[in-house]
Amino acid sequence: MLSRILERIVVKDFIYTSLQSPPSNLNFADQFAFQPTASTTAALIQLLQVITNMLDANPYVLVYALDFSKAFDTVRHSAVLDKFTRLKIPDNIYNWIEHFFRDHSHCTKFGGKTSEFRTILASIIQGSGLGPASYVVTASDLHPVTPGNVMVKYADDTYLIVPAANVQSSMAEIANVENWALVNNLALNRAKSAEIVFVLPRSRRAMAASPPSLPGFSRVEAMKILGVTITRKFSFKEHLDAVLGSCAQTLFALRTLRNHGLSTDALHTVFQATVVGKLTYASQAWWGFTNAADRNRIEAFLRRAARLGYRDTSAPTMASICDKADDKLFRLVRTNPRHVLHSLLPPRKPEHYRLRERSHSLQLPTRSTSVRDGNFIMRMLYRDILA
């Protein structure tokens, strides 16, 4: 127990602090896991904004979802510690981290026989407080090699974004990833990696030719990114199909609980924690891309649940819930300069006159496409005007 507490102190007070001012060869701005203000929602918002911004000047954008085989289990300790030495952490804290990884061993017992003990020189201890932060440090020197290409990471979930203008660099980018993986004792699994070509839904700029797939990569029409399924034309219908199907199964479980005597108030609490939790997962990232039919499906499901007694009839609508979640996140992004999404905000607008108050004092970026309007930051910047 004391060791776990000590791990949390080291991570929070020293490692997280050092990530705010890393050396030039390490980058944490593209990592959205295991650090303050980071989340899958933030990663999805960043990824969608990058893609839609690129589509302003490109007929298509390629996204490669990279899979590393058993990433947490194979990272070489020497590589992790070498990167820790570059961070601004006190010597005694580094020595403690080095000791954390040292002197672990394992053996195999099978058929009544036990092997000799061998020293463990690789793997990050999952379930520990230090393990996840260590992987973030491990991946901090994995960068695109071509200007204009972008990476978005959530722990070992890595997404390489390549605009059409840089399509010829794709092979070099994947080769760079494989070389980085080799140095860190990892392996890029092309068979489990995938690629998708994003295009604007109603674009008149037809692609001259579909870019060729990279060897070993499967090209998909829809990709599940951090739990949210997105089609190549920014439809979230498949995501809602899956979520509403799962929520319908949960209603059957709730009916079983009610038959066993669970009170109405308790049913409402369980519904809120399970069903509403599933429906609103990462809503700030995808809600703006849904159409009226998508939203009506969700609202109809919630009304049906209320009629069946699983939800309070006075509970807020999905639109109200999402608006509240949007407000909360936007406030955090605006007021915290260290928030992982703060860099997406435009600069403040000069105030020469006393105008009608808005919810923010930021400059309004130029609107270009309806898809780009669906992004979280764009929606929040224009909400007062378009309301």
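How do the axes of helix 8 (residues 237-259) and helix 11 (residues 292-307) cross, and within what distance do they come? The legends below take up this question, then a sheet and one glutamine. The model is predicted, with local features needing pLDDT of at least 70 and side-chain atom pairs counting only at pLDDT 80 or more, while totals for chains, interfaces and linings use all residues. Residues are numbered from 1 along each chain as its sequence is written, and side-chain values use heavy atoms, leaving out hydrogens and water.

**View 1. Helix 8 against helix 11.** The two axes come within 11 Å and cross at roughly 5°; axes are lines fitted to C-alpha atoms, for helices over the stretch in contact, and angles run from 0 to 180 degrees between N-to-C directions. Helix 8 is therefore roughly parallel to helix 11 (angles under 35 degrees). Helix 8 contributes K237, L240, D241, L244, C247, A248 and L251 to the contact, and helix 11 contributes D294, R297, I298, F301, R304 and A305 (contact: heavy atoms within 4.5 Å). By class, this contact has 8 nonpolar, no polar and 5 charged residues (Ala, Val, Leu, Ile, Met, Phe, Trp, Tyr, Cys and Pro are nonpolar, Asp, Glu, Lys and Arg charged, and the others, Gly among them, polar). Helices (H or I, at least four residues) and strands (E, at least two) are DSSP runs, numbered from the N terminus.

View 2. Strand 1 (residues 61-66) pairs with strand 7 (residues 157-163) in the antiparallel sense over 6 bridges, and L66 stands opposite T158 in strand 7.

View 3. Q284, in helix 10 (residues 283-286), counts as buried at 13% relative accessibility (buried: under 20% relative accessible area, 1.4 Å probe, protein chains only). Beyond four places in sequence, Q284 touches T41, I45, A325, D326, L329, F376 and R379. Q284 and T41 are 243 residues apart in sequence and 7.0 Å apart in space, C-alpha to C-alpha.

Key: Buried < 20%, exposed > 50% of the residue type's maximum accessible area, 1.4 Å probe, protein only. Pairing = 2+ DSSP bridges. Parallel < 35°, antiparallel > 145°, perpendicular 65-115°, else oblique.
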